[in-house]
Amino acid sequence: MLNLDRLRTLHAVARHGSVSGAAEGLHVTTSAVSQQLSKLERETGQQLLAKNGRGVRLTDAGRLLSDHAARILSQVELAQSDLEAQRGHAVGELLLGAFPTAVRGLFPEALARMRTEHPQLRARLQEMEPDESVPAVVRGDIDVAVVLDWYNKPLPMPDGLVKAPLMDDPVDVAMPADHPFADRFAVEPEDFVEDEWISWPQGGFCYDWLMVTLRSKGIEPRVRHTAREHHTQLALIAAGLGVAVVPRLGRGPVPPGVRMVPVSPPTMLRHIYAIWRTDADRRPSIRAAVEVLRSVGEKIGD
(Lines give C-alpha, C1' and ligand atoms only; values in the text may rest on other atoms or scores of the structure.)
Protein backbone atom coordinates (compact mmCIF):
# COMPACT_ATOMS: atom_id res chain seq x y z
CA MET A 1 0.00 0.00 0.00
CA LEU A 2 1.46 3.37 -1.06
CA ASN A 3 1.56 5.98 1.67
CA LEU A 4 -0.12 9.27 0.71
CA ASP A 5 2.31 11.48 2.63
CA ARG A 6 5.26 9.81 0.90
CA LEU A 7 3.63 10.28 -2.50
CA ARG A 8 3.10 13.95 -1.62
CA THR A 9 6.79 14.21 -0.73
CA LEU A 10 7.88 12.66 -4.04
CA HIS A 11 5.55 14.96 -5.94
CA ALA A 12 7.01 17.94 -4.09
CA VAL A 13 10.54 16.95 -5.16
CA ALA A 14 9.33 16.71 -8.75
CA ARG A 15 7.65 20.14 -8.52
CA HIS A 16 10.50 21.95 -6.80
CA GLY A 17 13.36 20.13 -8.48
CA SER A 18 15.30 19.46 -5.29
CA VAL A 19 15.05 17.94 -1.83
CA SER A 20 15.64 21.31 -0.18
CA GLY A 21 12.94 22.95 -2.33
CA ALA A 22 10.51 20.18 -1.44
CA ALA A 23 11.32 20.59 2.25
CA GLU A 24 10.65 24.33 2.06
CA GLY A 25 7.39 23.80 0.19
CA LEU A 26 6.20 21.16 2.65
CA HIS A 27 7.45 23.11 5.70
CA VAL A 28 9.55 20.22 6.94
CA THR A 29 13.28 19.52 7.22
CA THR A 30 15.38 18.11 4.38
CA SER A 31 16.07 15.13 6.64
CA ALA A 32 12.33 14.43 6.88
CA VAL A 33 12.01 14.54 3.09
CA SER A 34 14.94 12.15 2.65
CA GLN A 35 13.49 9.73 5.20
CA GLN A 36 10.10 9.71 3.48
CA LEU A 37 11.68 9.06 0.10
CA SER A 38 13.84 6.26 1.47
CA LYS A 39 10.75 4.58 2.91
CA LEU A 40 8.92 5.02 -0.39
CA GLU A 41 11.81 3.38 -2.27
CA ARG A 42 11.69 0.42 0.12
CA GLU A 43 7.90 0.13 -0.30
CA THR A 44 8.08 0.20 -4.09
CA GLY A 45 11.31 -1.76 -4.47
CA GLN A 46 12.47 0.87 -6.98
CA GLN A 47 15.14 3.56 -7.02
CA LEU A 48 13.21 6.82 -7.33
CA LEU A 49 16.06 9.36 -7.06
CA ALA A 50 19.55 9.46 -8.51
CA LYS A 51 22.42 11.82 -7.79
CA ASN A 52 22.82 14.65 -10.29
CA GLY A 53 25.89 16.75 -9.49
CA ARG A 54 25.31 18.22 -6.07
CA GLY A 55 21.57 17.60 -6.32
CA VAL A 56 19.23 14.80 -7.32
CA ARG A 57 17.01 13.91 -10.25
CA LEU A 58 14.06 11.58 -10.59
CA THR A 59 14.73 8.23 -12.19
CA ASP A 60 12.32 6.89 -14.82
CA ALA A 61 10.50 5.04 -12.03
CA GLY A 62 10.47 8.23 -9.96
CA ARG A 63 8.92 10.27 -12.78
CA LEU A 64 6.34 7.55 -13.43
CA LEU A 65 5.31 7.40 -9.78
CA SER A 66 5.32 11.19 -9.48
CA ASP A 67 2.89 11.45 -12.39
CA HIS A 68 0.59 8.98 -10.66
CA ALA A 69 1.04 10.89 -7.39
CA ALA A 70 -0.15 14.10 -9.06
CA ARG A 71 -3.36 12.41 -10.18
CA ILE A 72 -3.88 10.73 -6.81
CA LEU A 73 -3.39 13.98 -4.91
CA SER A 74 -5.80 15.75 -7.26
CA GLN A 75 -8.42 13.07 -6.52
CA VAL A 76 -7.81 13.51 -2.79
CA GLU A 77 -8.35 17.26 -3.24
CA LEU A 78 -11.61 16.57 -5.05
CA ALA A 79 -12.73 14.21 -2.29
CA GLN A 80 -11.95 16.79 0.38
CA SER A 81 -13.81 19.45 -1.63
CA ASP A 82 -16.85 17.22 -2.01
CA LEU A 83 -16.91 16.38 1.70
CA GLU A 84 -16.60 20.05 2.61
CA ALA A 85 -19.32 20.93 0.09
CA GLN A 86 -21.61 18.31 1.63
CA ARG A 87 -21.23 19.96 5.03
CA GLY A 88 -22.32 23.18 3.34
CA HIS A 89 -20.37 25.73 5.34
CA ALA A 90 -16.84 27.12 5.52
CA VAL A 91 -14.68 25.18 7.94
CA GLY A 92 -11.04 24.32 8.48
CA GLU A 93 -7.83 26.02 7.44
CA LEU A 94 -7.58 28.18 4.32
CA LEU A 95 -4.16 29.33 3.10
CA LEU A 96 -4.12 32.62 1.19
CA GLY A 97 -1.42 34.53 -0.66
CA ALA A 98 -1.55 38.10 -1.96
CA PHE A 99 0.71 40.81 -3.36
CA PRO A 100 1.72 43.61 -0.94
CA THR A 101 -0.82 46.33 -1.78
CA ALA A 102 -3.67 43.81 -1.67
CA VAL A 103 -2.44 42.64 1.73
CA ARG A 104 -2.52 46.24 2.93
CA GLY A 105 -5.62 47.45 1.09
CA LEU A 106 -7.97 44.44 0.98
CA PHE A 107 -7.11 41.96 3.67
CA PRO A 108 -7.36 43.75 7.02
CA GLU A 109 -11.12 44.20 6.58
CA ALA A 110 -11.57 40.94 4.65
CA LEU A 111 -9.87 38.79 7.29
CA ALA A 112 -11.82 40.47 10.08
CA ARG A 113 -15.07 39.77 8.23
CA MET A 114 -14.12 36.15 7.56
CA ARG A 115 -13.48 35.66 11.27
CA THR A 116 -16.86 37.17 12.16
CA GLU A 117 -18.99 35.67 9.39
CA HIS A 118 -17.28 32.24 9.27
CA PRO A 119 -16.01 31.51 12.80
CA GLN A 120 -15.05 27.90 11.92
CA LEU A 121 -12.81 29.07 9.08
CA ARG A 122 -9.13 29.55 9.99
CA ALA A 123 -7.67 31.85 7.34
CA ARG A 124 -3.89 32.29 7.13
CA LEU A 125 -2.39 34.98 4.90
CA GLN A 126 1.09 35.16 3.37
CA GLU A 127 2.41 38.16 1.42
CA MET A 128 3.78 37.05 -1.95
CA GLU A 129 4.15 38.47 -5.43
CA PRO A 130 2.12 36.89 -8.28
CA ASP A 131 5.20 35.14 -9.69
CA GLU A 132 5.35 33.31 -6.35
CA SER A 133 1.67 32.89 -5.54
CA VAL A 134 0.48 31.50 -8.90
CA PRO A 135 2.92 28.54 -8.79
CA ALA A 136 2.10 28.09 -5.10
CA VAL A 137 -1.59 27.63 -5.98
CA VAL A 138 -0.74 25.20 -8.78
CA ARG A 139 1.48 23.18 -6.41
CA GLY A 140 -1.16 23.18 -3.68
CA ASP A 141 1.03 25.10 -1.23
CA ILE A 142 -1.74 27.69 -0.81
CA ASP A 143 -5.47 27.51 -1.53
CA VAL A 144 -6.25 30.97 -2.93
CA ALA A 145 -4.06 33.73 -4.36
CA VAL A 146 -5.04 37.35 -4.96
CA VAL A 147 -3.12 38.50 -8.03
CA LEU A 148 -3.22 41.29 -10.59
CA ASP A 149 -2.77 42.08 -14.21
CA TRP A 150 -2.80 45.34 -16.12
CA TYR A 151 -5.41 46.52 -18.62
CA ASN A 152 -2.93 46.04 -21.48
CA LYS A 153 -0.74 43.22 -20.07
CA PRO A 154 -2.50 40.06 -18.81
CA LEU A 155 -0.79 37.91 -16.23
CA PRO A 156 0.04 34.47 -17.76
CA MET A 157 -2.20 31.88 -16.12
CA PRO A 158 -1.60 28.09 -16.15
CA ASP A 159 -4.37 25.62 -16.93
CA GLY A 160 -6.34 24.10 -14.09
CA LEU A 161 -7.14 27.33 -12.25
CA VAL A 162 -10.39 29.19 -11.61
CA LYS A 163 -10.35 32.99 -11.78
CA ALA A 164 -12.79 35.45 -10.15
CA PRO A 165 -12.59 39.26 -10.51
CA LEU A 166 -12.53 41.24 -7.26
CA MET A 167 -12.08 44.88 -8.32
CA ASP A 168 -10.41 47.30 -10.73
CA ASP A 169 -7.69 49.53 -9.33
CA PRO A 170 -7.10 52.91 -11.08
CA VAL A 171 -3.69 54.54 -11.06
CA ASP A 172 -2.55 58.15 -10.77
CA VAL A 173 0.71 59.84 -11.63
CA ALA A 174 2.58 60.91 -8.50
CA MET A 175 4.83 63.95 -8.85
CA PRO A 176 6.56 66.53 -6.68
CA ALA A 177 4.30 69.36 -5.50
CA ASP A 178 6.32 71.89 -7.52
CA HIS A 179 6.03 69.94 -10.77
CA PRO A 180 4.58 72.02 -13.65
CA PHE A 181 1.62 69.63 -13.93
CA ALA A 182 0.89 69.31 -10.20
CA ASP A 183 -2.21 71.54 -10.36
CA ARG A 184 -3.80 69.83 -13.35
CA PHE A 185 -7.09 67.93 -13.05
CA ALA A 186 -5.77 65.13 -15.29
CA VAL A 187 -2.62 64.13 -17.16
CA GLU A 188 -1.51 61.67 -19.82
CA PRO A 189 1.69 59.61 -19.75
CA GLU A 190 2.92 61.48 -22.82
CA ASP A 191 3.13 64.63 -20.69
CA PHE A 192 6.15 63.20 -18.86
CA VAL A 193 8.47 62.48 -21.76
CA GLU A 194 11.17 64.71 -20.21
CA ASP A 195 10.81 63.40 -16.64
CA GLU A 196 12.82 60.82 -14.78
CA TRP A 197 10.79 57.87 -13.49
CA ILE A 198 10.71 55.95 -10.25
CA SER A 199 9.62 52.37 -10.86
CA TRP A 200 9.26 48.89 -9.44
CA PRO A 201 12.46 46.77 -9.60
CA GLN A 202 13.66 45.71 -13.02
CA GLY A 203 12.49 42.32 -14.25
CA GLY A 204 9.22 42.32 -12.29
CA PHE A 205 5.79 42.11 -13.90
CA CYS A 206 4.87 45.73 -13.04
CA TYR A 207 8.22 47.08 -14.25
CA ASP A 208 7.73 45.31 -17.58
CA TRP A 209 4.22 46.75 -17.81
CA LEU A 210 5.48 50.30 -17.27
CA MET A 211 8.14 49.91 -19.96
CA VAL A 212 5.65 48.49 -22.48
CA THR A 213 3.05 51.17 -21.72
CA LEU A 214 5.37 54.16 -21.95
CA ARG A 215 7.12 52.89 -25.06
CA SER A 216 3.76 52.32 -26.75
CA LYS A 217 3.16 56.05 -26.30
CA GLY A 218 6.50 57.03 -27.81
CA ILE A 219 8.30 57.53 -24.49
CA GLU A 220 11.66 55.93 -23.82
CA PRO A 221 11.49 55.93 -20.01
CA ARG A 222 14.46 57.11 -18.01
CA VAL A 223 14.15 55.05 -14.83
CA ARG A 224 16.44 56.67 -12.29
CA HIS A 225 15.37 54.87 -9.10
CA THR A 226 13.50 51.66 -8.25
CA ALA A 227 11.63 50.62 -5.12
CA ARG A 228 9.30 47.72 -4.50
CA GLU A 229 6.91 49.48 -2.10
CA HIS A 230 4.73 52.41 -3.14
CA HIS A 231 5.31 54.34 0.08
CA THR A 232 9.05 54.20 -0.65
CA GLN A 233 8.44 55.49 -4.16
CA LEU A 234 6.37 58.35 -2.72
CA ALA A 235 9.17 59.28 -0.32
CA LEU A 236 11.55 59.56 -3.28
CA ILE A 237 9.03 61.69 -5.16
CA ALA A 238 8.59 63.97 -2.14
CA ALA A 239 12.34 64.59 -2.33
CA GLY A 240 11.90 65.76 -5.93
CA LEU A 241 13.62 62.75 -7.49
CA GLY A 242 11.12 61.81 -10.21
CA VAL A 243 7.56 60.78 -11.06
CA ALA A 244 5.78 57.43 -10.78
CA VAL A 245 2.59 55.61 -11.64
CA VAL A 246 0.94 54.73 -8.32
CA PRO A 247 -2.17 52.51 -7.95
CA ARG A 248 -4.78 53.58 -5.41
CA LEU A 249 -5.27 50.26 -3.62
CA GLY A 250 -3.44 50.19 -0.31
CA ARG A 251 -1.81 53.55 -0.99
CA GLY A 252 -2.20 55.09 2.45
CA PRO A 253 -1.61 58.77 3.26
CA VAL A 254 0.16 60.79 0.59
CA PRO A 255 3.21 62.49 2.12
CA PRO A 256 3.65 66.26 2.03
CA GLY A 257 5.34 67.45 -1.12
CA VAL A 258 3.62 64.91 -3.39
CA ARG A 259 0.66 65.48 -5.71
CA MET A 260 -1.51 62.73 -7.19
CA VAL A 261 -3.06 63.56 -10.56
CA PRO A 262 -5.49 61.15 -12.29
CA VAL A 263 -4.66 59.74 -15.69
CA SER A 264 -7.07 60.76 -18.46
CA PRO A 265 -8.92 58.92 -19.86
CA PRO A 266 -9.29 56.74 -16.71
CA THR A 267 -8.48 53.47 -18.45
CA MET A 268 -5.07 52.80 -16.90
CA LEU A 269 -6.21 50.08 -14.50
CA ARG A 270 -4.97 47.08 -12.60
CA HIS A 271 -7.40 44.16 -12.57
CA ILE A 272 -7.42 42.42 -9.18
CA TYR A 273 -8.73 38.86 -8.97
CA ALA A 274 -8.61 35.65 -6.97
CA ILE A 275 -7.44 32.30 -8.32
CA TRP A 276 -7.69 28.75 -7.00
CA ARG A 277 -7.37 25.20 -8.31
CA THR A 278 -10.23 23.77 -10.36
CA ASP A 279 -10.24 20.57 -8.31
CA ALA A 280 -10.96 22.66 -5.18
CA ASP A 281 -13.75 24.66 -6.78
CA ARG A 282 -16.55 23.19 -4.67
CA ARG A 283 -15.02 24.04 -1.30
CA PRO A 284 -17.35 26.37 0.64
CA SER A 285 -14.34 27.86 2.42
CA ILE A 286 -12.91 29.12 -0.88
CA ARG A 287 -16.27 30.43 -2.04
CA ALA A 288 -16.80 32.20 1.28
CA ALA A 289 -13.38 33.85 1.23
CA VAL A 290 -13.73 34.99 -2.38
CA GLU A 291 -17.17 36.43 -1.69
CA VAL A 292 -15.84 38.44 1.24
CA LEU A 293 -12.88 39.67 -0.80
CA ARG A 294 -15.17 40.69 -3.66
CA SER A 295 -17.47 42.56 -1.29
CA VAL A 296 -14.56 44.47 0.24
CA GLY A 297 -13.13 45.17 -3.20
CA GLU A 298 -16.42 46.54 -4.50
CA LYS A 299 -16.69 48.85 -1.51
CA ILE A 300 -13.16 50.15 -2.12
CA GLY A 301 -13.93 50.61 -5.82
CA ASP A 302 -16.99 52.72 -5.02
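Visitor: Before I go on, what am I looking at?
Guide: This is a predicted model, where local features need pLDDT of at least 70 and side-chain atom pairs count only at pLDDT 80 or more, while totals for chains, interfaces and linings use all residues. Residues are numbered from 1 along each chain as its sequence is written, and side-chain values use heavy atoms, with hydrogens and water left out.

Visitor: Thanks. Back to Ile286: where does it lie, and does it count as buried or exposed?
Guide: Ile286 lies in helix α10, residues 284–301. Helices (H or I, at least four residues) and strands (E, at least two) are DSSP runs, numbered from the N terminus. Ile286 counts as buried because its relative accessibility is 0%. Buried means under 20% relative accessible area, exposed over 50%, and partly exposed in between, with a 1.4 Å probe and protein chains only.

Visitor: And how many Å apart are Ile286 and Ile275?
Guide: They are 9.8 Å apart in space, C-alpha to C-alpha, and 11 residues apart in sequence.

Visitor: Let me zoom out. How many helices and strands are there in the chain?
Guide: The chain has 10 helices and 11 strands. Its C-alpha trace spans about 75 × 50 × 30 Å along the principal axes. Of the 302 residues, 43% are buried. Among contacts between residues at least 6 apart in sequence, 76% join residues at least 24 apart.

Visitor: What does UniProt list for residues 2–59?
Guide: The UniProt entry, an unreviewed one, lists "domain: HTH lysR-type" there. UniProt positions are given in the numbering used here, feature names are shortened, and annotations may be inferred rather than shown by experiment. In the model, residues 2–59 are 62% helix and 14% strand, with the end C-alpha atoms 18 Å apart.

Visitor: At what angle do α1 and α2 pack?
Guide: Helix α1 (residues 4–16) and helix α2 (residues 19–26) pack at about 115°, and their axes are 8 Å apart. Axes are lines fitted to C-alpha atoms, for helices over the stretch in contact, and angles run from 0 to 180 degrees between N-to-C directions.

Visitor: Which residues make that contact?
Guide: From α1 come Arg8, Thr9, Ala12, Val13 and His16, and from α2 come Gly21, Ala22, Gly25 and Leu26.

Visitor: What is buried in α2, and what does it pack against?
Guide: Val19, Gly21, Ala22, Ala23 and Gly25 are the buried residues of α2. They pack against α1, α3 (30–44) and β2 (55–58). Just after α2, His27 has a positive phi of about 60°.

Visitor: New topic: which residues of α9 are buried?
Guide: In helix α9 (residues 230–238), they are His230, Gln233, Leu234 and Ile237. Seen down the axis of α9, these fall within an arc of 100°, so they line one face of the helix. The arc is that of the directions from the helix axis to the C-beta atoms. Their cover includes α5 (100–105), β6 (161–176) and β11 (269–277). After α9 comes Gly240, with a positive phi near 80°.

Visitor: What about α7, which residues are buried there?
Guide: Pro130, Ser133, Val134, Ala136 and Val137 are buried in α7, residues 130–139. Down the axis of α7 they fall within an arc of 160°, so they too line one face of the helix. What covers them includes β5 (144–150), β6 and β11. Gly140 follows α7, and its phi is positive, near 90°.

Visitor: You mentioned α5. What does Thr101 touch?
Guide: Thr101 sits in helix α5 and is buried, with 4% relative accessibility. Not counting residues up to four places away in sequence, Thr101 touches Leu106, His230, Leu249, Gly250 and Arg270.

Visitor: Last one: where is Ala123 found?
Guide: Ala123 is in strand β4, and is partly exposed at 29% relative accessible area. Beyond residues up to four places away in sequence, Ala123 touches Leu94, Leu96, Leu111 and Met114.

How values were computed:
Contact = heavy atoms within 4.5 Å.
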